[in-house]
Amino acid sequence: MARIETPKRVRGTQDIFGDEQRRFAQVLSTFEHVHGLYAFQRLDLPVFEDTQVFARSIGETTDVVSKEMYTFPDRGGDLLTLRPEFTAGIARAYLTEGWQQYAPLKLVTSGAVFRYERPQKGRYRQFHQIDAEILGAPEPAADVELLVMADQLLRELGIAEGVTLQLNTLGDAETRDAWRDALVAHFEAHRDQLSEDSLVRLEKNPLRILDSKDPRDRPIADAAPDIDAYLTPEARAFFEAVTAGLDAAGVAWTRNARLVRGLDYYRHTAFEFVTDRLGSQGTVLAGGRYDGLIESLGGPATAGVGWAAGVERLAMLLDEPEKPGIDAVVVPMGAAAELRATGLVAELRRADVATDMAFRGNMKRRMAKANDQGARYALILGDDELANGQVQVKALKTGEQATVSLDMVAQSLSDLLFEDEIAEDHGEQLPPLAQRLTPR
């Protein structure tokens, strides 16, 4: 009989488990906690959209649209794309679901996104993002709110040290047009020295030359004019309001006049939180204001600002998370005890006691499993305990052991766990286990 070959994991994807998954979960749970403090609402979006949602909003000339999107015709002949990011889908939902009535709307989401890129450390073809957006708020206070929330997220994850907020302004439409004209004139004067990619960008998206990593382009890009000379009074006032808000909130920032966004609908604030702890993949969270995005999807002029962060990159910066323990492991010995233990485990779980059952191996092996799982207590149930209507309760940290009535186990264990928590919070010494299990 021919050997059946197991299909391999698709290149650029990952199976997330163990410590890696615990880091991943810590990022998501911290995000849930922090955005709740800022009164953002959660939404969930389709994994695929009409391709035009992304082609119009991300831009036909960007690498994401031209090279990286997973696009396919479905059986009905519609051209669909797996989402490469969240903002475009949120903007589409804002229009098609009639959410304009709720503006200003503060939204968050998270999940898998897809880009056909060359896989490397911290970069996958299916990866995960957290995303926060404010729609319908043209005030600089919205930019400040999102930046302060991002800063708090990094602090609560314990990774803020060594991460720098880089900030720039792209000005208003008038500013951007004037700056763009100056950049085109500058790059045209050095046309014969530019790389092939930058020559293409010069025709379609000249601001992106400022981002070029090609050594031929860097001296020319570095000598290009800054935006500050072209800022309108209104654009200057907006940026000053953002920086003043960050200062008032105690969020450190640094100006990066070369930080740009290539698409025309981006306005005013652009920002990145960067670190040198991830090698070349140094950006951990990035975003900006996109007041022209909704219009590109056929909607009315609508203010928008937001950011996204890669869960994998944030997780890579976390310390190794503590392996979660459980409250109790039930250790039955014998067929009759196993049957009763099944009911006991169900009772404990219904009483909000995190419980597992060790039903394989001898007593020593079962107790070792309880220790490995980080359980606080082992509940030992054998023929003698069944006959007496009791359970042996062993505190695995101290080795103390005492008995409790079978019909009181769930309540007694709940009380023990509550007392443990209080004692740990206040650094108090607990009485002996037998005394704690005595009905009071």
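**Entry 1: Serine 110**

I started with serine 110, which is buried, because its relative accessible area is 15% and buried means under 20%. I note that the model is a predicted one.

I then asked where serine 110 lies. I found it in strand β5, which covers residues 105-114.

Next I looked up its side chain. The side chains of serine 110 and arginine 42 are joined by a polar contact of 2.8 Å.

Which residues does serine 110 touch, apart from those up to four places away in sequence? I listed Leu28, Arg42, Asp44, Phe86, Gln129 and Ile130. So Arg42 turns up both in the polar contact and in this list, since contact means heavy atoms within 4.5 Å.

**Entry 2: Around β4**

I moved on to strand β4, residues 79-82. Strand β2, residues 48-50, pairs with β4 in the antiparallel sense, over three bridges. Opposite aspartate 50 I found leucine 80 of β4.

Strand β3, residues 71-73, also pairs with β4. This pairing is antiparallel and has three bridges. Here proline 73 has leucine 79 in β4 as its bridge partner.

How many residues sit between the strands in the hairpin of β3 and β4? I read five. In that hairpin, glycine 77 takes a positive phi near 90°.

**Entry 3: A five-strand sheet**

I traced an open sheet of five strands with mixed pairing. I wrote its order as β13-β12-β14-β15-β16. Why is one side of β13 and of β16 left without a neighbour in the sheet? Both stand at the edges, β13 at 355-357 and β16 at 401-405, and each has a single partner strand, so one side of each has no neighbour there. From one strand to the next, the twist averages 25°.

Strand β14 (residues 377-381) runs antiparallel to strand β15 (residues 390-395), and four bridges link them. Leucine 379 stands opposite valine 393 in β15.

I also looked for a helix on the sheet. Helix α15, residues 409-426, lies across β12 (328-332), β14, β15 and β16. It runs at about 160° to β14.

**Entry 4: Arginine 340**

I picked arginine 340, in helix α12 (residues 335-350). Its relative accessible area is 26%, so I put it down as partly exposed.

Which residues is arginine 340 in contact with, leaving aside neighbours within four places in sequence? I noted Glu347, Leu381, Leu386 and Leu406. I followed up leucine 386. It is 46 residues from arginine 340 in sequence, and the C-alpha to C-alpha distance is 8.4 Å.

**Entry 5: The protein chain**

Last, I stepped back. I counted 16 helices and 16 strands in the protein chain. Its radius of gyration is 29 Å, well over the 22 Å that the globule rule gives for 440 residues, so the chain is more spread out than a compact globule. The C-alpha trace spans about 95 × 70 × 45 Å along its principal axes.

Of the 440 residues, 49% are buried. The chain exposes about 22,200 Å², and carbon and sulfur atoms supply 50% of that.

Note on methods. Residues are numbered from 1 along each chain as its sequence is written. This is a predicted model: local features need pLDDT of at least 70, side-chain atom pairs count only at pLDDT 80 or more; totals for chains, interfaces and linings use all residues. Side-chain values use heavy atoms; hydrogens and water are left out. Helices (H or I, at least four residues) and strands (E, at least two) are DSSP runs, numbered from the N terminus. Buried means under 20% relative accessible area, exposed over 50%, partly exposed in between (1.4 Å probe, protein chains only). A polar contact is a pair of N or O atoms within 3.5 Å; within protein, one must be able to donate a hydrogen and the other to accept it, and residues adjacent in sequence count only if both atoms are side-chain atoms. Two strands pair if DSSP finds at least two bridges between them. Axes are lines fitted to C-alpha atoms, for helices over the stretch in contact, and angles run from 0 to 180 degrees between N-to-C directions. The radius of gyration is taken over C-alpha atoms; the globule rule is 2.2 Å times the number of residues to the power 0.38. Accessible areas come from the Shrake-Rupley method with a 1.4 Å probe; for residues, only the protein chains shown count as cover.
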